[in-house]
Amino acid sequence: MAARLGALAASGLYQRRLHRQSPPPAAPGNMSDALANAVCQRCQARFAPAERIVHSSGELYHEHCFVCAQCFRPFPEGLFYEFEGRKYCEHDFQMLFAPCCGSCGEFIIGRVIKAMNNNWHPGCFRCELCDVELADLGFVKNAGRHLCRPCHNREKAKGLGKYICQRCHLVIDEQPLMFRNDAYHADHFSCTHCGKELTAEARELKAELYCLPCHDKMGIPICGACRRPIEGRVVNALGKQWHVEHFVCAKCEKPFLGHRHYERKGLAYCETHYNQLFGDVCYNCSHVIEGDVVSALNKAWCVSCFSCSTCNSKLTLKNKFVEFDMKPVCKRCYEKFPLELKKRLKKLSELTSRKAQPKSVDLNSA
């Protein structure tokens, strides 16, 4: 507490006194004359010959008159605070004059930070995002918050959908240079090999940055997705080279990790999404048909899957077959069907073919 109060005393806001003693020594002949003429600074009454007297900063008081100007109680241990010519105990001085901190709620003794319509201890006035002390750094008001300048710039960049440079902490308006997964202004760096100022196209290799010409001379492959050097395993596909984890399905963005992919218009797809988007799906096995397609019964079939649904013998479009339950049945199995079932199938076939034929139009009646 003494250290805290000492800091406030140094601020010039008030004066602290701690004197409680008899008047300074004087010549024996003059002592009685001085006391006979002295009066109490508070009540202006004279002192009794044997009375104890309080001497403070050249002023004399009766012991019962040397009290707080607010609560009229004696000063604990003789400690008081003087402000505008009046003396106060510590409690009343804080209640009357000391500001409260907007963070911890305690009285502020010493240096006061006034900001954001409030008072703060220097150690309590901190950035609301990173918690760094702002008393000597300054701050920026951002959406009702007091932030340090780097945090303010990051929040501003986030709102604009832009990167913030991790060196100068300013918004990057152009394409950023990515180094160790952080964004920078490219002109903060120079090529490790030739020393030229870098651009956003610089390449990182083994924690060092190189300009594009110097990097190309090293013959290191560049990933077709992230445009960064590939130092480990390389995937060659679509006429480019890729990091294993960056060669992904154009639809679900999951890496193939060595599994088969399907290409279409310069993009790679996993089997599932190629099937959904573009592929002919075999009615029997539900897989993408990779080779020849058998189109029959208004469906697509793998050559190996197009077979009699009864005896599983292989069929081609040259073989005679009958549709039964939306699947092909060879002629031999069809002949074994009950007569009544064959009649129904024949009638259904004729009805289907009749609906498929275009209706004739009588031009004269029209």
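Glu 253 sits in the loop that runs between S17 and strand S18 (262–264); helices (H or I, at least four residues) and strands (E, at least two) are DSSP runs, numbered from the N terminus. The model is predicted, so local features need pLDDT of at least 70 and side-chain atom pairs count only at pLDDT 80 or more, while totals for chains, interfaces and linings use all residues. Residues are numbered from 1 along each chain as its sequence is written, and side-chain values use heavy atoms, with hydrogens and water left out.

Although Glu 253 is not a glycine, its phi is positive, at about 60°. Most residues other than glycine have a negative phi. Glu 253 counts as exposed because its relative accessibility is 59% (buried means under 20% relative accessible area, exposed over 50%, partly exposed in between; 1.4 Å probe, protein chains only). Leu 238 also is not a glycine and has a positive phi, of about 55°. With a relative accessible area of 24%, Leu 238 is partly exposed.

## The S16–S17 hairpin

Leu 238 belongs to the loop between strand S16 (234–237) and strand S17 (240–243). These strands form a hairpin with two residues between them, and Leu 238 is in the turn. S16 and S17 run antiparallel and are joined by four bridges (two strands pair if DSSP finds at least two bridges between them). One of the pairings links Asn 236 to Gln 241 in S17.

Cys 226 lies in the loop between helix H5 (212–217) and S16. Its contacts, leaving out residues up to four places away in sequence, are His 243 and His 246 (contact means heavy atoms within 4.5 Å). Cys 226 and His 243 are 17 residues apart along the chain, and their C-alpha atoms are separated by 8.5 Å. The relative accessible area of Cys 226 is 27%, so the residue is partly exposed.

## Salt bridges

The model has seven salt bridges, each a side-chain nitrogen of Lys or Arg within 4 Å of a carboxyl oxygen of Asp or Glu. One of them joins the side chains of Glu 59 and Lys 87, at 3.4 Å from N to O. Glu 59 is in strand S3 (residues 59–62) and Lys 87 in strand S5 (residues 86–88), so this pair ties together parts that are 28 residues apart in sequence. Glu 59 counts as partly exposed at 25% relative accessibility, whereas Lys 87, at 9%, counts as buried.

A salt bridge of 3.3 Å, N to O, is formed by the side chains of Glu 155 and Arg 145. Because Glu 155 lies in helix H4 (residues 149–160) and Arg 145 in strand S9 (residues 145–147), the pair ties together parts that are 10 residues apart in sequence. Glu 155 is partly exposed at 22% relative accessibility, and Arg 145 is partly exposed at 23%.

## Nonpolar cores

The largest nonpolar core has 18 residues, and Phe 47, Phe 66, Phe 75 and Tyr 88 touch the most other members (a core is a set of buried Ala, Val, Leu, Ile, Met, Phe, Trp, Tyr and Cys residues joined through side-chain atoms within 4.5 Å). Strand S2 (53–56), S3 and strand S4 (80–83) are the elements that give two or more residues to this core. S4 gives the most, with three residues. Another core, of 16 residues, lies apart from it and includes Ala 183, Ala 186, Leu 209 and Cys 214.

Beyond residues up to four places away in sequence, Phe 47 touches Ala 38, Val 39, Cys 40, Ile 53, Leu 60, Tyr 61 and His 62.

## A nonpolar surface patch

Met 95, Leu 96 and Phe 97 form a nonpolar patch on the surface, and together they have about 270 Å² of accessible area (Shrake-Rupley method, 1.4 Å probe; for residues, only the protein chains shown count as cover). Patches are made of residues with over 30% relative accessible area and no salt bridge, with like charges joined within 9 Å and nonpolar side chains (Val, Leu, Ile, Met, Phe, Trp, Tyr) within 5 Å. Met 95 is placed in helix H3 (residues 90–96). Its relative accessibility is 52%, so Met 95 counts as exposed.
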